[in-house]
Amino acid sequence: MGEQRAIIESDLYETLEGDYGLPVELIAPDGTKQTKSANNPTEDLMGQILYDSIIQDPNTGLDIVVHKPVVSLRRSSLTTVPDATPGDNWAVRIPLEPSASAPKVTFRIGRVTEGGDSIGFVRLYLERIEQTS
Amino acid sequence: MTMNFRILKVSIVNLLGAAAGGNFRVIGYQKQAQEAFHIKDTDRSVQVFYAEGDYPKSAGSLNGPVMHDMTFNLDITVSKACKGDLATLENPASTAPQLQTALTNLKIAEDGVDDSWDECADLIYQILMDARNLDLGLDPIKVANRWVDRAIKDPLMTRGELVVLTGSMKLTCRMPEELLGEVGVPLMVFDTSLELDGDVIGKAGVYQEHDIVVEDTTGAIVLDPVSQNFLRAA
């Protein structure tokens, strides 16, 4: 079992934080910011980001592309695992486009799902924030 | 040849579009140039469509106009994002207490979208039920019984990075419909009057003899002044 966990962790590192990973910053409700990985404090906190999703429009039946950023993070890389408890606002900063050097934009974490304790990753569904006028 | 419910639908769209004042968009309405400050919130749209029609039968329906009890649905769609002090959240130099304050004061999209939908429904109700709009933009006395019967709000749903709230308002009214003839066939008028010399009774109409319609008025048929019968000329 222990070996299996190690394999899963290794796989998650490759798939979420490896060559395709993008730098992510997590901001907890108390204002603390996590920018480095809890597994290796010399590395940036990385995650897999999907920017757009293809969904079927229920009215027309046609496929449409919706801007819907979803961030997947390795659970063991987090110092605190975000949740979407009502009243607690978590924020996350991700690159504007799929490039590590792109400027970052801030989103509220609207929903968090976990793939089960043994799989070891969390998926964040984001909501856009606009400046209060 | 257009039925009145179609004319009324266009009129409602124009009425709402003219009165929207940039507070919401009306789908189908051809927008005119507007001042920039009028466009304060363009993430709300209203779509007007004919949803249902009843044609009640009455004693006068046989030859007269047909009454049409029509129902229009006005679909309201509102989308919102969270609102907050984005400048602080985006600033890398922000301290933890500053970030905490910004996150605490964040107005989540679910709250904003609900308020926005309510405001939009409020505006539409005020426009449609305004006494000046009794005729829904048409000539006076054409539309009867206009009434906003119901407003329904659908459950919240997230679509992408926005929260979307939909719902509808039901508008009912009554108008007569005129039956003008078969679609696409121009009406042809046949003049069946037969004017005869010496016809003291009046216009004789079509003279028939042995199922043959006599349409000749050049003197082939004459009226016997004694018997008042039509006679074929010798």
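In this predicted model, chain B has a mean pLDDT of 77, and 68% of its residues reach 70 or more; pLDDT is the predictor's confidence in each residue, from 0 to 100. Among the elements of chain B, the highest mean pLDDT, 93, belongs to strand E5 (residues 144-153) of chain B, and the lowest, 40, to strand E9 (residues 212-214) of chain B. Helices (H or I, at least four residues) and strands (E, at least two) are DSSP runs, numbered from the N terminus. The pLDDT is below 50 over residues 30-40 of chain B, a stretch with seven contacts in the model beyond near neighbours in sequence. Two residues are in contact if their C-beta atoms, placed from the backbone, lie within 7 Å. Residues 207-216 of chain B also have pLDDT below 50, and this stretch has nine contacts beyond near neighbours in sequence. For the complex, the predictor gives an ipTM of 0.80 and a pTM of 0.64.

Residues are numbered from 1 along each chain as its sequence is written, while chains are lettered from A and ligands numbered from 1 in the order in which they are written. As the model is predicted, local features need pLDDT of at least 70 and side-chain atom pairs count only at pLDDT 80 or more, whereas totals for chains, interfaces and linings use all residues.

Strand E8 (residues 121-131) of chain A pairs with strand E5 (residues 63-74) of chain A in the antiparallel sense, over five bridges. Two strands pair if DSSP finds at least two bridges between them. Tyr125(A) in E8(A) stands opposite Val70(A). E8(A) is also joined by three bridges to strand E4 (residues 82-84) of chain B, and these two strands run parallel. Gly84(B) in E4(B) is the bridge partner of Gln131(A).

Arg108(A) is part of strand E7 (residues 104-114) of chain A. Arg108(A) counts as buried because 24 C-beta neighbours lie inside 10 Å; the term applies at 20 or more other C-beta atoms within 10 Å, with exposed at 12 or fewer and partly exposed in between, the C-beta atoms being placed from the backbone. Not counting residues up to four places away in sequence, Arg108(A) touches Asn89(A), Ala91(A), Leu126(A), Glu127(A) and Ile129(A), together with Cys82(B) and Leu106(B). Arg108(A) and Ile129(A) are 21 residues apart in sequence, with a C-alpha to C-alpha distance of 6.6 Å.

Leu12(A) belongs to helix H1 (residues 2-17) of chain A. With 22 other C-beta atoms within 10 Å, Leu12(A) is buried. Its contacts, not counting residues up to four places away in sequence, are Arg74(A), Gly120(A) and Phe121(A).
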